[in-house]
Amino acid sequence: MPDLDELLNQVEAASDEIVALEVALVQIPSINTGVMPTGDETPVCEYARDWLAREGIEADILERAPNRGNLIARLDGRSGNAGLVFMSHTDVVPVEDESKWRFPPFSATIADGRIHGRGAFDCKGLLTAQLVAMAVLRRNGVELQDGLVLASGADEEHGGRYGFGWLAQEHRDAITAPCAINEGGGTPIYSGGALTYVLGVGEKGRLQVEIQIKGASAHASVPWRGENALLSAGQALQRIEAYQPELDTSASLFDYLSTFAIEHQVSPANIDQVIQETEKTNPSVASLMRGLSRMTITPTMVRGGIKSNVVPESVQVTCDVRILPHQDEAYVRRELERVLEEVPGVGIEIDYMAVPSSSPFETDLAERIKTAAARALDRENIQWVPAISTGFTDSRFMRPLGVTTYGFAGSHPDDDPAHNRVHGTDESIGIKSLVNSAKCMLALAYDLLAVK
Ligand SMILES: [Zn+2]
């Protein structure tokens with residue numbers, strides 16, 4: 001049986017094949033608008049299933065609703081139990097304005113050492129890396145003690161009701177193992193010349209808040225006879241903009257700031273000042289500290305009015321709210337009621353989409369991920385910090401099942417994470433990151449599962 005170095009060399013030699021697989025997956029537009037029918041994840045699953053079949057690996061596609069496939073593939077081990085789950089998702093967020101993109105968003109154009117397209121980074125890159133890692137294990141006949149599961153879910157971008165949320169309820173056995181690795185971490189950060197990786201140990205929760213603002217309609221030529229809900233909405237938005245969230249520095253990241261040469265003992269009293277100082281030298285760390293020290297309330301959509309000459313009687317403002325692990329729905333409601341107290345005609349509806357979750361940082365799996373990354377990069381001097389992600393991922397469905405789950409995509413340190421533009425215009429992934437990610441996945445699975 002070849003050793004790990006030989007397997008990692010095979011991944012490096014398969015770069016063109018890895019790029020071709022990623023390009024093919026990005027070219028399938030599995031856009032999830034959040035409103036059914038949407039997603040169209042099944043064609044992505046079918047492509048991956050057929051690709052795996054050519055490697056002699058069987059996979060199933062499980063659908064809660066038509067065309068909303070979840071891909072589950074398996075390499076069995078001697079014990080009959082699964083030891084590790086490779087997680088990813090097959091849906092992508094919509095494209096807001098295609099004309100602003102440098103390349104058409106589903107062209108998967110290769111330029112500047114990167115593959116450009118919606119979903120290139122989030123999350124088809126990780127899916128590609130995991131498919132290749134699985135195939136290389138199989139090609140070399142690597143015998144496993146515990147099995148490897150690859151699970152790529154639908155609907156991650158809209159709450160997972162057709163994906164991991166459903167799998168965790170209805171197909172728990174198919175996706176459960178002691179350990180899982182998913183998106184939501186693995187960002188390389190350079191600080192003072194040293195390489196630091198962020199390991200995703202948890203995530204903030206997300207709530208979608210609908211603020212209903214009621215007024216009274218009238219003809220727009222005599223506006224004083226009505227109550228203009230749009231003007232009240234303006235007041236509401238100003239108050240949200242001025243909102244000062246409670247500051248908190250209890251997240252584990254704040255215990256590791258010396259890794260970034262930040263020697264302050266941070267507290268709610270000085271955190272904003274430390275962020276401001278760090279902003280100049282290390283904007284990505286500053287942004288991380290900002291996200292992990294407060295709840296955010298972000299207005300994202302507004303709907304209202306029926307005609308240009310009618311005073312609107314109803315306006316709806318949608319907000320995206322991200323909470324810290326110790327905050328909950330009741331806290332959000334109290335805060336919003338206080339902020340909007342003096343705005344007339346306000347009602348608040350909350351859809352609690354994702355609870356915050358976290359895994360401990362000191363585990364065997366964390367150590368093995370560090371080892372895998374060191375092997376993949378052939379580099380020893382890597383520092384690690386635990387971070388709660390500001391976004392949420394499907395990991396939150398796994399942690400309550402007792403699965404230790406980390407976010408680690410294994411991006412290459414030569415690729416600037418600022419270019420990934422996840423959910424934005426010109427999303428892309430560096431080819432070096434794609435290959436390194438496949439190496440990390442392979443090294444982790446080999447270390448954790450292979451019969452030695
Ligand atoms: Zn994602």
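Here is a walk through some of the strand pairings and helix contacts in this predicted model. Residues are numbered from 1 along each chain as its sequence is written. Because the model is predicted, local features need pLDDT of at least 70 and side-chain atom pairs count only at pLDDT 80 or more, while totals for chains, interfaces and linings use all residues. Helices (H or I, at least four residues) and strands (E, at least two) are DSSP runs, numbered from the N terminus.

Let's start with strand β7, residues 179–182. Both of its faces are covered: Cys179 and Ile181 are buried on one side, and Ala180 and Asn182 are buried on the other. Buried here means that 20 or more other C-beta atoms, placed from the backbone, lie within 10 Å of the residue's own. β7 pairs with strand β3 (residues 82–89) in the parallel sense, over three bridges, and Phe86 stands opposite Ile181. Strand β16 (residues 404–407) also pairs with β7 in the parallel sense, here over four bridges; Asn182 stands opposite Gly407 of β16. For two strands to count as paired, DSSP has to find at least two bridges between them.

Now for an open sheet. Four strands line up in the order β11-β12-β10-β13, with antiparallel pairing. At the edges sit β11 (296–304) and β13 (346–354), each of which pairs on one side only. Neighbouring strands are turned by 20° against each other on average, ignoring direction. Inside the sheet, β10 (residues 205–214) and β12 (residues 314–323) pair antiparallel over 10 bridges, and Arg206 stands opposite Arg322 of β12. Helix α10 (residues 329–339) lies across β10, β12 and β13, and runs at about 150° to β13. All such angles run from 0 to 180 degrees between N-to-C directions, with axes fitted to C-alpha atoms, for helices over the stretch in contact.

Next, a pair of helices: α8 (residues 271–281) and α9 (residues 283–292). Their axes come within 7 Å and cross at roughly 160°, which means that α8 is roughly antiparallel to α9. As for the wording, angles under 35 degrees count as roughly parallel, over 145 as roughly antiparallel, 65 to 115 as roughly perpendicular and the rest as oblique. On the α8 side the contact is made by Ile271, Ile275, Thr278 and Glu279, and on the α9 side by Pro283, Val285, Ala286, Met289 and Arg290. Contact means C-beta atoms, placed from the backbone, within 7 Å. These residues divide into six nonpolar, one polar and two charged, where Ala, Val, Leu, Ile, Met, Phe, Trp, Tyr, Cys and Pro count as nonpolar, Asp, Glu, Lys and Arg as charged, and the others, Gly among them, as polar.

Finally, look at helix α13, residues 431–449. The axes of α13 and α2 (residues 15–26) come within 10 Å and cross at roughly 105°, so α2 is roughly perpendicular to α13. Ser15, Ile18, Val19 and Glu22 of α2 meet Ile431, Leu434, Val435 and Ala438 of α13. That contact has six nonpolar residues, one polar and one charged.

Helix α4 (residues 124–139) packs on α13 as well, at an angle of about 50° with the axes 8 Å apart, so α4 is oblique to α13. Here Gly125, Leu126, Thr128, Ala129, Gln130, Val132, Ala133, Val136 and Leu137 of α4 meet Leu434, Ser437, Ala438, Met441, Leu442 and Ala445 of α13. By class, this contact has 11 nonpolar, four polar and no charged residues.

Technical notes: Contact = placed C-beta atoms within 7 Å. Buried ≥ 20, exposed ≤ 12 C-beta atoms within 10 Å, placed from the backbone.
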